[in-house]
Amino acid sequence: MHSAVAALLRRPDPRTPLAAAQARELLDLAPEHTLDLLAAARLTASATRRQPFTCGIVNAKSGHCPENCAFCAQSARHRTGAPVYPLMETDDMLRHAEALAEAGAARFGIVTSGTALSPAELDRLCASLERLRRSVPLRLCGSLGMLTPEAARRLKEAGLSRFHHNLETAASHFSAICTTHAWADDLATLAAAHDAGLELCCGGIFGLGESLDQRVEFSLTLAELNVDCIPVNFLNPIPGTPLERQPRLTPDEALRTLAVLRLMHPQRDILVCGGRNSTLGEWDSWIFAAGANGLMTGDYLTTPGSPFERDSRMLAALGLRQPRA
């Protein structure tokens, strides 16, 4: 066993957050040490009693986004063939939410393409949220672009419980991924959501060409922001985007990254989202061995995900959920 991992397993309190220097060393471990690292991450997840949960999303407004995020199929600057449609009607959102509730999900995320909602779209979405919170036993989340303090307040009052807004990558790597808005704009949106009383769901995408040092830098930023949930995505290169030829992370590197995040954030929910299937394939159930406690189920925004029933069987087999009758 590698000495750095052995030291982790000997710690008197596995709930102690991992220091940056230790995290950097662990990210660079050779594949033969991955299983031992996962054991340490799982020990931390067990010690902090992170409860397993699933969530799902609906692509409630798609395409024609003016931002130039290099990974995104919905940017108007990229030719990807992604669907384009306006903000979804409430009845359509409700059908998606009901399917998620039937599948046993805990959270329903409404995702909209674009820099921010227009005033008219915000009005419509707030009305949809008010109906959804009366109709489905799900906690409502939103990934809605930039927020003003007033918009955040209205969303909270309408029934939103958690706001999702990824920083995507480390500040030092951000300009290589997006140049149409500043890193500080994202921080201001997170502050507005927090001040309105919304929980923060904030993470990013790994495999964007960032260095191992930048992965640690990014994780430290999330710790400073004290986010409630860290969604972890692995790049699934989309044809037509600037990153279409970027190689995917190998399964062992993805799991090692996930384990280090758990060790750096012992008290936070860690949710595995996009790229789970394309990066991990048959090893996707190992995310729980790596310390994750959340799983996005169903389809993603413009790519297929994992069917509800398949994920439900996997969770039941791992003892993380009772089998459905």
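User: Which residue in S3 is the bridge partner of Ile110?

Analyst: The bridge partner of Ile110 in S3 is Gly142. This is a predicted model, in which local features need pLDDT of at least 70 and side-chain atom pairs count only at pLDDT 80 or more, while totals for chains, interfaces and linings use all residues. Residues are numbered from 1 along each chain as its sequence is written, and side-chain values use heavy atoms, with hydrogens and water left out. The labels for helices (H or I, at least four residues) and strands (E, at least two) are those of DSSP runs, numbered from the N terminus.

User: Why are S2 and S3 called paired strands?

Analyst: Two strands pair if DSSP finds at least two bridges between them. Five bridges join S2 to S3, so the pair meets the definition. The two strands run parallel.

User: What makes S3 and S4 a pair?

Analyst: Three bridges link S3 and S4, in the parallel sense. With at least two required, S3 and S4 therefore count as paired. Gly142 takes part here too, and its bridge partner in S4 is Phe163.

User: Why is S3 described as mostly covered?

Analyst: Four of the five residues of S3 are buried. Buried means under 20% relative accessible area, exposed means over 50%, and partly exposed is in between (1.4 Å probe, protein chains only). S4 is likewise mostly covered, with four of its five residues buried.

User: How do you know what span to expect for H5?

Analyst: The expected span is 1.5 Å times one less than the number of residues. H5 (residues 119–135) has 17 residues, for which 24 Å is expected. From first C-alpha to last, H5 reaches 25 Å, which is close to that value. H4, with 13 residues, reaches 18 Å and is expected to reach 18 Å.

User: What makes one face of H5 the buried one?

Analyst: The buried residues of H5 are Glu121, Leu122, Leu125, Cys126, Ser128, Leu129 and Leu132. Seen down the axis, these buried residues fall within an arc of 165°, so they line one face of H5. The arc is taken over the directions from the helix axis to the C-beta atoms. Pro119 and Arg134 are exposed on the other side of H5.

User: What covers the buried residues of H5?

Analyst: The cover includes strands S1 (53–61), S2 (107–112), S3 (139–143) and S4 (160–164), along with helices H4 (90–102) and H6 (149–158). Contact here means heavy atoms within 4.5 Å.

User: Why do the buried residues of H4 count as one face?

Analyst: In H4, Thr90, Met93, Leu94, Ala97 and Leu100 are buried. Their arc is 120°, so they line one face of H4. Arg95 and Glu102 are exposed on the other side. S1, S2, H5 and helix H11 (308–317) are included in what covers the buried residues of H4.

User: Why is Arg256 called buried?

Analyst: The relative accessible area of Arg256 is 7%, which is under 20%, so Arg256 is buried. Arg256 lies in helix H9 (residues 251–264). Leaving aside residues up to four places away in sequence, Arg256 touches Leu26, Leu27, Leu29, Ala30, Pro31, Thr34 and Leu37.

User: What makes the side chains of Arg256 and Asp252 a polar contact?

Analyst: A polar contact is a pair of N or O atoms within 3.5 Å; within protein, one must be able to donate a hydrogen and the other to accept it, and residues adjacent in sequence count only if both atoms are side-chain atoms. The Arg256 to Asp252 contact is at 2.7 Å, so the distance is within the limit. The side chain of Arg256 also makes a polar contact with that of Thr34, at 3.0 Å.

User: How many disulfides are there?

Analyst: A disulfide is a pair of cysteine sulfur atoms within 2.5 Å, and the count is zero. For Cys55, the nearest cysteine sulfur is that of Cys273, 5.6 Å away, so Cys55 is in no disulfide. Cys72 is in none either, with the sulfur of Cys69 nearest at 6.2 Å.

User: Why do Glu168 and Asn226 fall into separate accessibility classes?

Analyst: Glu168 is at 15% relative accessibility and counts as buried, whereas Asn226 is at 45% and counts as partly exposed. Glu168 is found in the loop between S4 and helix H7 (183–195), with phi near 75°, a positive value in a residue other than glycine. Asn226 is in the loop between helix H8 (212–225) and strand S7 (229–234), and its phi is near 55°, also positive.
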